[in-house]
Amino acid sequence: MDYSIAGNLEHADYLHENAFFVGNHSIPMHEKIDLLVNVLK
């Protein structure tokens with residue numbers, strides 16, 4: 001993809017390095033999300 005970045009991405013860089021990413025899908029994933037929530041608790 002052709003793109004450009006305007007300015008500093010300080011907050012995005014911080015999240016990239018320190019956050020926990022949970023992907024999403026177009027199909028219903030309620031059971032899997034509930035399982036993740038229970039595991040994280």
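Which backbone nitrogen does the side chain of H25 reach?

## Overall architecture

This report concerns a predicted model. The protein contains 2 helices and 0 strands. Along the principal axes, its C-alpha atoms fill a box of roughly 40 × 25 × 10 Å.

Of the 41 residues, 0% count as buried. The accessible surface of the protein amounts to about 4600 Å², and carbon and sulfur atoms account for 58% of that area.

## H25 and the loop between the helices

H25 is located in the loop that lies between α1 and α2, the latter helix covering residues 30-40. The side chain of H25 reaches the backbone nitrogen of I27, at 3.2 Å, which answers the opening question.

H25 is classed as partly exposed because its relative accessible area is 48%, and the partly exposed class lies between the 20% limit for buried residues and the 50% limit for exposed ones. H25 and S4 are 21 residues apart along the chain, and their C-alpha atoms are separated by 26 Å.

With a relative accessibility of 63%, Y3 counts as exposed, because the exposed class begins over 50%.

Y3 also takes part in a nonpolar surface patch, which it makes together with M1, I5 and L9. The area of this patch is about 560 Å².

Conventions: Residues are numbered from 1 along each chain as its sequence is written. This is a predicted model: local features need pLDDT of at least 70, side-chain atom pairs count only at pLDDT 80 or more; totals for chains, interfaces and linings use all residues. Side-chain values use heavy atoms; hydrogens and water are left out. Patches are made of residues with over 30% relative accessible area and no salt bridge: like charges are joined within 9 Å, nonpolar side chains (Val, Leu, Ile, Met, Phe, Trp, Tyr) within 5 Å. Accessible areas come from the Shrake-Rupley method with a 1.4 Å probe; for residues, only the protein chains shown count as cover. A salt bridge is a side-chain nitrogen of Lys or Arg within 4 Å of a carboxyl oxygen of Asp or Glu. Buried means under 20% relative accessible area, exposed over 50%, partly exposed in between (1.4 Å probe, protein chains only). Helices (H or I, at least four residues) and strands (E, at least two) are DSSP runs, numbered from the N terminus. A polar contact is a pair of N or O atoms within 3.5 Å; within protein, one must be able to donate a hydrogen and the other to accept it, and residues adjacent in sequence count only if both atoms are side-chain atoms.
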